[in-house]
Amino acid sequence: MVKIELHRAFCSKSFWTACILGFVMLVIGGWEYVEYYFTGYVSQGTYLEKFLVSYGYGAASLIAVMFPVLAVVPYCMSYRKDMDSGFRVYLNIKGSVGKYRSAKLLAVSGSGFSALFIPCLLWLLICCFILKTGKTEFSIIHGIYFAEGLYTYAPFLYGMIYVCNAGLQGAVFSVLALGLSSVIKNKYLAAFLPFCYCIFTAAVLDTYNMALNALTLFTIGQYFNDTIGYWGILAYDAILAMLGCGLFLRGDNTEA
């Protein structure tokens with residue numbers, strides 16, 4: 001069952017579409033550095049700074065806002081397809097309910113993780129080996145407070161922290177979308193709600209407490225939020241993931 005679900009998730013057109021879209025968003029976020037590269041010169045700033053501008057610290061960054069959508073695209077709506085096609089009912093007859101649920105959660109979270117991890121890793125490598133480090137009279141990025149030692153002495157490892165965090169957010173929001181799809185009959189609404197939640201927290205809840213802004217999860221803003229401490233980002237992710245799992249189990253029990 002696990003192999004089947006993983007094959008369905010990672011060999012689908014929607015998964016690779018999400019990866020391509022994520023990479024395009026990163027390129028758009030760092031387009032000024034790409035343009036400079038094609039002139040035959042290395043643009044100013046370190047490769048890590050160029051990566052971070054594209055990732056979420058630049059005004060043109062798209063992926064930092066659209067990551068909940070990219071996480072949903074690969075496989076989150078597969079549960080509704082299973083219900084509509086009757087495949088889920090067939091599994092009930094075969095007595096594989098527990099295996100189906102665990103395999104579905106693994107495939108959904110894995111596809112959501114990879115859909116953001118792969119393009120971010122590829123872009124970090126491009127920044128490192130192609131865009132490279134230029135003159136550094138002044139810093140492109142200001143206000144970096146997380147792991148300053150790594151930022152200075154091990155920039156690639158620092159960048160990998162952001163790459164892995166992107167994957168983590170993809171996994172969390174894909175599971176949340178899966179849970180919503182099991183209790184909401186409209187699959188398009190279930191896919192759009194995680195994005196709406198992020199926008200709502202950024203536009204409304206952030207004015208009361210930055211710790212509630214879900215968009216800061218992508219740029220690791222929660223790691224240095226004094227209100228919730230250094231473990232805040234993991235606590236926020238855990239709550240959203242448990243909510244998604246709970247909704248999925250409840251919804252599947254109702255429809256089974």
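1. A crossing of two helices is called right-handed if the near helix is turned clockwise from the far one by less than a right angle. With that in hand, have a look at α5 and α10 in this predicted model: their crossing is right-handed.

2. How are these two helices arranged? Helix α5 (residues 63-72) packs against helix α10 (residues 155-183) at an angle of about 60 degrees, and their axes are 8 Å apart. That angle makes α5 oblique to α10.

3. Now find the residues that touch. On the α5 side they are Phe67, Pro68, Ala71 and Val72, and they meet Gln169, Gly170, Phe173, Ser174 and Ala177 of α10. Six residues of this contact are nonpolar, three are polar and none is charged.

4. Next, helix α4 (residues 47-57). Is it mostly covered or mostly open? Mostly covered, as nine of its eleven residues are buried. Among the buried ones are Tyr47, Leu48, Phe51 and Leu52, and Glu49 and Lys50 are on the list too. The cover over the buried residues of α4 includes α2 (13-29), α3 (31-38), α8 (97-131) and α9 (148-153).

5. Finally, the cysteines. A disulfide is a covalent bond between the sulfur atoms of two cysteines. How many disulfides does the model have? The count is zero. Cys11 is in no disulfide, and its nearest cysteine sulfur, that of Cys19, is 12 Å away. Cys11 is also exposed, with a relative accessible area of 54%.

6. Cys196 counts as partly exposed, at 29% relative accessibility.

How values were computed
Residues are numbered from 1 along each chain as its sequence is written. This is a predicted model: local features need pLDDT of at least 70, side-chain atom pairs count only at pLDDT 80 or more; totals for chains, interfaces and linings use all residues. Side-chain values use heavy atoms; hydrogens and water are left out. Axes are lines fitted to C-alpha atoms, for helices over the stretch in contact, and angles run from 0 to 180 degrees between N-to-C directions. Helices (H or I, at least four residues) and strands (E, at least two) are DSSP runs, numbered from the N terminus. Angles under 35 degrees count as roughly parallel, over 145 as roughly antiparallel, 65 to 115 as roughly perpendicular and the rest as oblique. Contact means heavy atoms within 4.5 Å. Ala, Val, Leu, Ile, Met, Phe, Trp, Tyr, Cys and Pro count as nonpolar, Asp, Glu, Lys and Arg as charged, and the others, Gly among them, as polar. Buried means under 20% relative accessible area, exposed over 50%, partly exposed in between (1.4 Å probe, protein chains only). A disulfide is a pair of cysteine sulfur atoms within 2.5 Å.
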